[in-house]
Structures are given as structure tokens and as C-alpha cells.
Amino acid sequence: SNKMEGHRLPTPPVIPDLLMTPSDQGDGDLEIEYPEDRGNWTGKLDFLLSCIGYCVGLGNVWRFPYRAYTNGGGAFLVPYFIMLAICGIPIFFMELSLGQFSSLGPLAVWKISPLFKGVGMATILIVCLVAIYYNMIIAYVLFYLFASLTKNLPWQYCGNWWNTDLCLDHHIMRTGNGAVPFNISNTVSPSEEYWSRYVLHIQESSGIGDPGRIRWNLCLCLLLAWVIVYLCILKGVKSSGKVVYFTATFPYLILIMLLIRGVTLEGAWLGIKFYLTPQFDLLLSPKVWIEAALQIFYSLGVGFGGLLTFASYNTFHQNIYRDTFIVTVGNAITSILAGFAIFSVLGYMSQELDVPVQEVAKAGPGLAFVVYPQAMTMLPLSPFWSFLFFFMLLTLGLDSQFAFLETIVTAVTDEFPYYLRPKKAFFSAVVCIVMFLMGLILTTEGGMYWLVLLDDYSAGFGLMVVVITTCLVVTRVYGMKRFCRDIHMMLGFKPGIYFKACWLFLSPVTMMALLVYSIIKYEPSEYNGSYRFPFWAEILGILMGIISCLMIPMGMVFAVLHEEGTLWQRIQQASRPTLDWGPSLEENRTGMYVATLAGSQSPKPLMVHMRKYGGITSYENIAFQVDKEIEEDEEESMIGQGEMCEHV
């Protein structure tokens, strides 16, 4: 009868149960609903360039050169590279491994140990705060970008309506030729007044408690910044993965142009000498080592969940080991190059103004929006160089901002894949609009005070706690053995002694030292050296850090309430990985992860592999072999733990 029916109604061939893949079964009697596919990177270089774009941000240009110069010049490179090796590279690799292994965002990845899901919530809170103010910096950059499209830069001369009597133009000083002894100490450059009085309009605000009116031109720039970011992350990694081909590579082109222009200026070597003269005596002070560790920490963006998110869109066997070294070392080299580009121009400027380099050197927004633009006005073709510089800052900032948003969107959609994954573009729009509205306070006349507060407090304390906790949970609770086995499953080799030593001991200890140091050496925020924040603002800032840390115990309470049994049993249950923890695709679930996915069959699905791939691939082991391995490993770890304690 079957043949007869075949002519009328072709029926699908019947596959025996054992050979069914979960997707076949979903149509059948089991009625398992599968969420929409997560998607992957489309091109080979998407992931690598996204990581480079994410790590190489504004900090490389405006934080690193200044930090190096204040902390021993060329000698600073010693602690910098040592800290890169101790707490940069290992944690970077750990975060990429977690993301790639589980294909989950920073919230859902805590299936690895549901007790600590609060760490994921803390990450998201921190990323939200940072994304709000980071886009405001991009808005300032856009403002200056448009302002550079003129024949004469608007911050070149005094005498505009926003200038005061203190304004002193260096062009006049040169022609003055020493006939009139100028008293420079209490004068202000036109670029400084342009920034604070015209762009920020900060003179209308008495402080953080008095934001004043919204500056409409800044507000429009912020809106434009959010629109650009939204259009780039509209289709998730499918679209942002293509944009980074431009935003991650183009800054290098401009940086090299600025570098060549800078080094050929007269007086450039003055600045470079300042930047690189090593003061080895400073290496004995702990402050320099702490500064180096902080620089690595923030510059690589560990703990923000961006790396984890990007890695989660990789295929299972992507070589993240190689990528780790490319990105981390590339990031360090970029910072050093940027230092040359910045300090050569500062040296030229100090010669022009006839003041020592340390008086013109600044860090942070002051460098990008006051000092460097002022130096630009001294060059021939100044609007062109100014446009290039701000275009570089724009591309540097944008791809870091993509990562922050991708992190937030991915984290939430992975928690609710059935509802949100099909509506990802709509959800991204909602996130962007909400964050734009929250950022509106930064566009007011006193907005800069709020920006400084966010910058100082949002990511310091909380971020450290997040990274320390992650490190300890993966090595102690989940277990070093298992983590190494997971990496072996993905990459085909186990991490060496260097990674194990860092994960188990060196990285967490270094970061705890950082945490303790930042608490002991706490100084209240200030703006421009003169404005001190009121007490309530300081409390608000500290609360930002503390609330993100409080997410962790809150998450624990929820996890424990979910379980059953006595308190200790509940804690034990909640700290174990969930049943469906592991690789997201059935074909990658070998060894101990076989057949634990919802809807997977009970017999070990080796037959599926045989059928689909014609044999077992090099990454896979036959099931019973793996079981034996696991037993051996467990015995070893009992012995190993004793040894480890002795070693430490």
C-alpha cells in the first residue's frame, strides 16, 4: 500500500527514532518548540575585527599616552606588558572561551552556575551606564566634526561672542615678539573657551545640581549618534560585523597620517622625549603597577560582556586562542603608537607657545576637545587635520559602542529567546530610544558634571568585583578541570600551565589588590581641578558601584529560592551547571554533554554523527571512552586539589 500511496501523496521517509535529530522530532509527537536561530558571524574576519574595534577605543588615544607620561615614561611599558600577561590575556581568553563554548550572552551564560547569575545582571547594569555616557562623548566628537567643516576653525581666534577678556590668542603672542611681557598664567586659550563656553555652555550652570537648559545642538548630535549606532546594529552581528571592516581599520590609516604629520613638525622630539624618557625609580612605587593594571583592564574591555557576546556568535571550533594574542598585543601597540601621534604634536605646540610640555599635556576629554584642537589651529590646512582627527575619534568610539549595545540586546534576547529573538530589531530600537532619553541630562548646560560623575563611578568598583567573581566561579565552583576539558573540546588542546596559574591564582589576586587599592586611595571626583562635587553626588556615584555589586547576592537569593531541600542542598544544587549547559548544537555535544539537551534522545546519539558526518571527527571521542576519562579526571582532581593547595 505504501508504494501505491507514494504516487498520490509523497510521504516523508520514516527515520528510526535513534537516528532522529532533535529538529526532526520537533515536528513529530514530542512537540518541542525551538527558538529562532541565533545566527553567526557571516565572514571570516568579522569576529576578529569586531574584537579589535571593541578593544581599541577612545582610551587608547586619550588615557594611555598621558598615563604613560605621568607614570615613568618609557619605564611604564615594563609594568604595562607584565600586567597584560598576568591579568589581560588570561581573562580575555577566559571570557572568549565561555562565550564560544556556550553560544550564550552574558546573562544566560550563567547556566554554568545559576547561583551566580547576579554577576550577569551586574554586567548588564554597568554596560548600560557606560553606554549612556559613551555615546555622549561620540556626540561631542560629531559636534566638532561638523564644526571643522569651515575655512577657519571657530576656536582659532578670540573675539567671538563666547570669548571673555581672559582669552589670549597664540597668533598675537608670536607677533608680539616679546615687546610686551605677557603674563600667560591666568589667560585662557580660545579652544578652551570654545569647548567650555560655546559647546558645553557650562558657565550657565552652577554645578551638578543645576543642570540648566538642554543645549539643542548637543541634543541633535546625541540623537544622530544613537541613530548611527542603531542602524549599524539593526541586524545584530550580521550588520555590525560588516561595519567594523571600516570602523576597525580606518582609525589606523588616520593614526598613521597624524603620526607622520606630527613627527615632521619642528619641536616634535621635545614631546616624544617627554613621553618616552624612562624614570625607572618610579617602578618601585605600587601606584605605577596599579595604573598599568587599570589601563590594561579598561583598555581590553574585560568584564563588560562585550567579548563574551562576540565570541558567542562564533562557530564552535573557531581558534580564539590565536585571536586572543592578536587582539591584546595589537591593542597595546595601538596605544603606544597613539602616544607618539599625540606627544609629537604636543611637543610642537609647547615650542610654539614657549611653555614646557607638561603644561600642555592633558588626559581625557581635555586632550581631545581642548589641547589637540588648539594644536590643529597652528598647522597649515588646519580644518583638514582637525576633521581627520575627529573622524578618527568617531570611528574609534563607534565600534566600542556597538559592542555595548550588542551585549545588552544579546543578553536579554538570550534570556527570552522565544519572544524576543524574532523581534530583535524592534527590541534594539527600544533599547536605543530609552538610552537616548536617559542621556538627555548629559546634553544640558551642566551635563558635563554628570558625564564626569558617570565616567568616574559607573565602571570602577563594580567591574572589578564582576571579573574577580567570574574568575573564581569558573576555576573554583565550576572547576578548572572541567573548564580545561571544555576548551579541549573546542580547540583540540588543553590550556598550558601559564593560563592555569593565572586563572587559579595570579589574575584574581592581582585584581583583588586593585580593588583594595582603589578603595583605600579613594578620592572624591572633581571637574577641571576647581569644581568639587557635593556630598549627595558623591553618594550617588558610590551607589552606582554598590548597586551593581548587590546584584550578585540578590541573584543568589533568587537561585536558592528556586531549588528544593535544606539550605545547603539548595546552594549546592544552584551552584551546579544546569542540565542543558554546554555547546548549543547537538553535533558539538560530545562526551559528558551528550544527550542532555531538551528533546535529545536517550541513547547516545553517536549514530547521528556516523550518519551525518561519515564517522567521528577528530574533536570527538567515543562515548564510553569519555566516561572513563571523566572518572579518571575525578580521581585525579581529588589528588590534584591536595597538591594544588600545597603548591600555593
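**Figure 1. Accessibility of Cys158 and Cys167.** At 26% relative accessibility, Cys158 counts as partly exposed, whereas Cys167, at 12%, counts as buried. Buried means under 20% relative accessible area, exposed over 50%, and partly exposed in between (1.4 Å probe, protein chains only). The model is predicted: local features need pLDDT of at least 70, side-chain atom pairs count only at pLDDT 80 or more, and totals for chains, interfaces and linings use all residues. Residues are numbered from 1 along each chain as its sequence is written, and side-chain values use heavy atoms, with hydrogens and water left out.

**Figure 2. The disulfide of Cys158 and Cys167.** The structure holds 1 disulfide (a pair of cysteine sulfur atoms within 2.5 Å). The sulfur atoms of Cys158 and Cys167 are 1.9 Å apart. The link is left-handed, with -75° about the S-S bond. Cys87, by contrast, is in no disulfide; the nearest cysteine sulfur, that of Cys502, is 8.7 Å away. Cys87 is buried at 1% relative accessibility, and Cys484 is buried with a relative accessible area of 2%.

**Figure 3. The packing of helix 22 and helix 25.** Helix 22 (residues 447–457) and helix 25 (residues 535–562) pack at an angle of about 40°, their axes 9 Å apart. Helix 22 is therefore oblique to helix 25; angles under 35 degrees count as roughly parallel, over 145 as roughly antiparallel, 65 to 115 as roughly perpendicular and the rest as oblique. Contact (heavy atoms within 4.5 Å) involves Trp450, Leu453, Leu454 and Tyr457 of helix 22, and residues of helix 25 including Trp536 and Met544.

Definitions and conventions. Axes fitted to C-alpha atoms, helices over the stretch in contact; angles between N-to-C directions. Helix = DSSP H or I, 4+ residues; strand = E, 2+ residues; numbered from the N terminus.
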